[in-house]
Amino acid sequence: EQLKATHKGGSDPSYCSVFCLFKLDGQIKETEGLVDVTKSTTDIAFADSISFTDVDHDFKLHVELYCGANPDKKGAKKSDVTSSPAQPQSQHPKFTIVGHSHLTLKDVGDTVQTHAITAGVVGASPSASCNSSCVPLTSQLSLWGQFCCLLRVQPNCATGTRLTGFTNVQRMIGDFPAWTRYWCVLRQ
């Protein structure tokens, strides 16, 4: 995944950290770590390879970009989002969805392709997507409206057994047909 973004932090030295969630038919996966976005950041790159199993042919993969303001310490972890009894929730970064998109079978290809990303919460207009607590985040991270990724699929029949059973093959031996029975495994 590679998401294009620009930081509009002005003279504010604070930055934010981002990660992506991928949702597909009840399965949820995330990028491995957080990517820090600074004032000079123009591209956000995630080197992760995300895999899903048992996917229908008419799948709809939801991609969500989350941003968390973290002015106090660099390199926050997503695990910092949850609170513990020793540390109140307010000391942890809060992540807010800042963009989303979806990919389907028509987006599959052998090369990296550009896809549209919509700012804000899924199903809401960008202007109605945020409450007052996430306004600083959306002002720090302004999406350019597109992201690039390589989406590949592999049908189960390409790696697993499709059909097994006996088959009869007829051969001619001289002028007479001869039948031979074989056990077969069809893979593709």
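Some ground rules before the details. Residues are numbered from 1 along each chain as its sequence is written, and side-chain values use heavy atoms, with hydrogens and water left out. Since the model is predicted, local features need pLDDT of at least 70 and side-chain atom pairs count only at pLDDT 80 or more, while totals for chains, interfaces and linings use all residues.

I will start with the overall layout. The protein has two helices and twelve strands. Helices here are DSSP runs of H or I with at least four residues, strands are runs of E with at least two, and both are numbered from the N terminus. Along the sequence the order is β-β-β-β-β-β-β-β-β-α-β-α-β-β.

Of the 188 residues, 33% are buried. Buried means under 20% relative accessible area, exposed means over 50%, and partly exposed is in between, with a 1.4 Å probe and protein chains only. The protein exposes about 11900 Å², and 51% of that comes from carbon and sulfur atoms. Areas come from the Shrake-Rupley method with a 1.4 Å probe, and for residues only the protein chains shown count as cover.

Next, contacts, meaning heavy atoms within 4.5 Å. Taking contacts between residues at least 6 apart in sequence, 67% join residues at least 24 apart. Asp-43 and Phe-147 are 104 residues apart in sequence, yet their C-alpha atoms are 9.5 Å apart. Asp-43 sits in strand S5, residues 43-45, and is partly exposed at 33% relative accessibility. Lys-23 and Phe-52 are 29 residues apart along the chain, with 9.5 Å between their C-alpha atoms.

Now the interior. In soluble globular proteins, nonpolar side chains tend to be buried together. A nonpolar core here is a set of buried Ala, Val, Leu, Ile, Met, Phe, Trp, Tyr and Cys residues joined through side-chain atoms within 4.5 Å. The largest one has 20 residues, and those with the most contacts inside it are Val-18, Leu-61, Leu-65 and Leu-103. S2 supplies the largest share, five residues. There is also a second, separate core of six residues, which includes Phe-19, Leu-21, Leu-34 and Ile-97.

Leaving out residues up to four places away in sequence, Leu-103 touches Phe-59, Lys-60, Leu-61, Val-63, His-115, Phe-147, Cys-149 and Leu-151.

Ser-101 is in strand S7 and is buried, at 11% relative accessible area. What does the side chain of Ser-101 have 2.6 Å from one of its polar atoms? The backbone oxygen of Ala-116. Beyond four places in sequence, the contacts of Ser-101 are Leu-61, His-62, Val-63, Ala-116, Ile-117 and Phe-147.

On to charges. Side chains of opposite charge can pair when their charged atoms come close. A salt bridge is counted when a side-chain nitrogen of Lys or Arg is within 4 Å of a carboxyl oxygen of Asp or Glu. How many salt bridges does that rule give? Two.

One is between Glu-64 and Lys-23, at 3.3 Å from N to O. Glu-64 lies in strand S6 and Lys-23 in strand S2, so this pair ties together parts that are 41 residues apart in sequence. Glu-64 is buried at 6% relative accessibility, whereas Lys-23 is partly exposed at 28%. Apart from residues up to four places away, Lys-23 also touches others, among them Ile-28, Lys-60, Leu-61 and His-62.

The other salt bridge joins Asp-107 and Lys-106, with the closest N and O atoms 3.7 Å apart. Asp-107 is buried at 11% relative accessibility, and Lys-106 is exposed at 70%.

Last, the surface. Phe-166, Trp-183 and Val-185 make a nonpolar patch of about 350 Å². Patches are made of residues with over 30% relative accessible area and no salt bridge, joining like charges within 9 Å and nonpolar side chains (Val, Leu, Ile, Met, Phe, Trp, Tyr) within 5 Å. Phe-166 belongs to strand S11, residues 163-173, and is exposed, with a relative accessible area of 52%.

Conventions: Polar contact = N/O pair within 3.5 Å; in protein donor to acceptor, adjacent residues only side chain to side chain.
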